[in-house]
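Morning, everyone. I have one model to walk through today. Please have it open while I talk.

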Amino acid sequence: MSGRSPGIKGGPGPPPAGSRCFVILQRCLAIQLQKVALLSEHRKSVRGHEEPEYWMYDSGYLLFQGFLEANLKCFWNASLLEAMRLLEFQGYVAPGILLVTASACALEVVRAAWSRNVLKPPNNYVIAVV
C-alpha cells in the first residue's frame with residue numbers, strides 16, 4: 001500500500017481536484033460591474049441586436065484600480081476607507097466580474113457599503129451585484 005487514501009477527506013494524499021480554487025473563492029468577493037451604455041452605443045446592428053461592447057479589452061487590474069480610486073474618496077466613512085486599503089486584486093472573470101480579497105471584516109464592510117448604496121463603481125461602470 002502506498003499510504004495514500006485520496007477518497008478519505010483529510011487523509012494523506014493529494015487534495016481533491018479544485019480544492020485550491022475553492023479555498024481561494026472562500027476568501028474572495030465577486031463584484032459584477034457593467035459598462036454604462038452611452039447613447040451612441042445603443043445603435044442596433046443590421047441583424048436587430050446590439051453591437052458588442054468589446055468587454056474583452058477591459059483590463060481587470062485597471063478596473064480594480066478605478067474601483068479603489070472611486071471608493072477612497074469616501075473620506076467620511078473611515079471603515080470603508082480602511083477596507084479599501086486592505087483589498088487586494090485576486091482576478092478578473094470576463095465580462096465584468098472583479099474578484100477581490102481581504103480580511104473577513106473588510107469584505108463584510110464592502111458588502112454592507114454596497115447594500116447601503118455607498119459603494120462606488122469605477123468611471124463608466126455600474127455595480128450590478130456584490
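A definition before anything else. Two rings of Phe, Tyr or Trp, the last by its six-membered ring, count as a pair if their centres lie within 6.5 Å. By that rule, ring pairs join Y61, F64 and F89 into a cluster.

A word on what you are looking at. This is a predicted model. The protein chain has an average pLDDT of 76, and 65% of the residues score at least 70. Residues 1-8 fall below 50, and that stretch makes seven contacts in the model beyond near neighbours in sequence. Residues 42-47 are also below 50, again with seven such contacts.

Back to the rings. How many aromatic pairs does the structure hold? Four. Take F64 and F89. Their centres are 5.7 Å apart, the planes make 50 degrees, and the pair is tilted. F64 sits in helix α2 and F89 in strand β2, residues 88-93, so this pair ties together parts that are 25 residues apart in sequence. Buried or exposed? F64 is buried, at 3% relative accessibility. F89 is partly exposed, at 28%.

Next, F75 and W76. This pair is edge-to-face, with 5.3 Å between centres and 80 degrees between the planes. F75 is exposed, at 65% relative accessibility. W76 is exposed as well, at 58%.

Now the core. The largest nonpolar core holds 24 residues. Which of them have the most contacts inside it? I31, F67, L80, M84, L87 and L119. Several elements give two or more residues each: β1 (28-35), α2, α3 (78-86), β3 (97-101), α4 (104-115) and β4 (125-129). Helix α4 supplies the largest share, five residues.

Beyond four places in sequence, L80 touches N71, C74, V109, A113, V118 and L119.

That brings us to N71. Where is it? N71 lies in helix α2, which covers residues 60-71. Its relative accessibility is 0%, so N71 counts as buried. What does it touch, leaving aside neighbours within four places in sequence? L80, L81, M84, V118, L119 and K120. L80, M84 and L119 are also among the core residues with the most contacts.

A polar atom of its side chain lies 2.9 Å from the backbone oxygen of F67. F67 is another name from that core list. One more distance while we are here. N71 and V110 are 39 residues apart in sequence, and their C-alpha atoms are 10.0 Å apart.

Last item, the cysteines. Take two cysteines. C74 is buried, with a relative accessible area of 2%. C105 is exposed, at 57%. C74, remember, is one of the contacts of L80.

To recap. Y61, F64 and F89 make the ring cluster. The largest nonpolar core has 24 residues, with α4 giving the largest share. N71 is buried at 0%, and its side chain has a polar atom 2.9 Å from the backbone oxygen of F67.

Notes: Residues are numbered from 1 along each chain as its sequence is written. Side-chain values use heavy atoms; hydrogens and water are left out. Buried means under 20% relative accessible area, exposed over 50%, partly exposed in between (1.4 Å probe, protein chains only). Helices (H or I, at least four residues) and strands (E, at least two) are DSSP runs, numbered from the N terminus. Contact means heavy atoms within 4.5 Å. A polar contact is a pair of N or O atoms within 3.5 Å; within protein, one must be able to donate a hydrogen and the other to accept it, and residues adjacent in sequence count only if both atoms are side-chain atoms. A nonpolar core is a set of buried Ala, Val, Leu, Ile, Met, Phe, Trp, Tyr and Cys residues joined through side-chain atoms within 4.5 Å. pLDDT is the predictor's confidence in each residue, from 0 to 100. Rings of Phe, Tyr and Trp (its six-membered ring) pair if their centres lie within 6.5 Å; planes under 30 degrees apart count as stacked, over 60 as edge-to-face and the rest as tilted.
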